[in-house]
Amino acid sequence: MKKFLILVVALLLPTLTQAHELRPASLSIIQSAAQTFDVTWRVPARGDLRLSLHVKFAENTNRLDLPTAQFVGGYYVERWQIQHPANLVGSGIEIEGLANTMTDALVRISWLDGREQVSRLMPDSPLLTVTDRAGFGEIAGTYFALGVEHILLGIDHLLFVLALVVLVTGRRQLVFTITAFTLAHSITLALAVLGMVSVPQGPVEAVIALSIVFVAVEILHKLEGRHTLAIRKPWLVAFGFGLLHGLGFAGALSEIGVPTHAIPLSLAVFNLGVEAGQLAFILAVSALMLLLRRTPSVHEWETRTGHTATVASALPVAYIVGGLSAWWLIDRTIALVI
């Protein structure tokens, strides 16, 4: 079984070594005067390479200036102004090239009178028709999907949850631990989005990597028979580091932005999406462990050694998760000082 786990991770290693790689593109269109809008187009990039995605407005939309472009914080960012006789209402916006990618594009339009529309364009639906105002149902669906997407593509957050699942003993302790993690990151996510807490994302991402290293080391301590505080009360560790992970979620949400007339709704459904993705991951891990335990060779091994499949998988999980998170810690720390 150890060989199986190592093989799976080896196949996924190119993806795992880069956390949050599949980020959505975002298009912000803010009205600055009658019939005039400021456009900001952000496309995920690595170095000087960017996804080949381009914004196409309706034919009766006039571009008032040439776009300015720069690479900022892992994104290619373009800015320009447009003019539309009907303030874009009823017109179409298309993201060209989106159908050839695996990413999404979030479009947010704000008018001077406070109206807003938020839509999520996907590879199979790259065209948006602008309406007067996005309904609350559309906003809820968009931000719930973004929450699920963020946790499932946030490999570092998933590995922290995986390490917690391996560290804890018993279902009751697992429920307490995951509940503490959920409560903690929900608190800091809300405080950050509401502007009550502001922390630079660079240090937060580095400490998130450190939190994974810490839990991986605690797994090794448990296998050695130690009884540290983290092993006896893992919910304390989950709560403490969960506060930091919540700030990481908030950083992603702040990049996306939230509609000002629906901040509580957007925040709530984004957090629900995160929890749904997290629960789906835990259920998938539990199902995999159950499937492995029912494999004849694993069952025979358990009978012969007296150890469970969970114990057998703990050592490779600790080293693989700890190794990846140590790499992220070094990489993110270097990025802070360069």
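Are Arg108 and Glu116 buried or exposed? Both Arg108 and Glu116 are buried, where buried means under 20% relative accessible area, exposed over 50% and partly exposed in between, with a 1.4 Å probe and protein chains only. The model you are looking at is predicted, so local features need pLDDT of at least 70 and side-chain atom pairs count only at pLDDT 80 or more, while totals for chains, interfaces and linings use all residues. Residues are numbered from 1 along each chain as its sequence is written, and side-chain values use heavy atoms, leaving out hydrogens and water.

Let's start with the overall picture. The protein chain has ten helices and eleven strands; these are DSSP runs numbered from the N terminus, helices being H or I with at least four residues and strands E with at least two. Of its 338 residues, 46% count as buried.

Now back to our opening pair. The side chains of Arg108 and Glu116 meet in a salt bridge at 3.2 Å, N to O, the term meaning a side-chain nitrogen of Lys or Arg within 4 Å of a carboxyl oxygen of Asp or Glu. By this rule the count comes to seven salt bridges.

Another joins Arg332 and Glu205, at 3.5 Å from N to O. Arg332 lies in helix H10 (residues 309–337) and Glu205 in helix H5, so this pair ties together parts 127 residues apart in sequence. Arg332 and Glu205 are both buried. Salt bridges that share partners also join Asp104, Arg120 and Glu149 into one network.

Asp104 counts as buried, at 5% relative accessibility.
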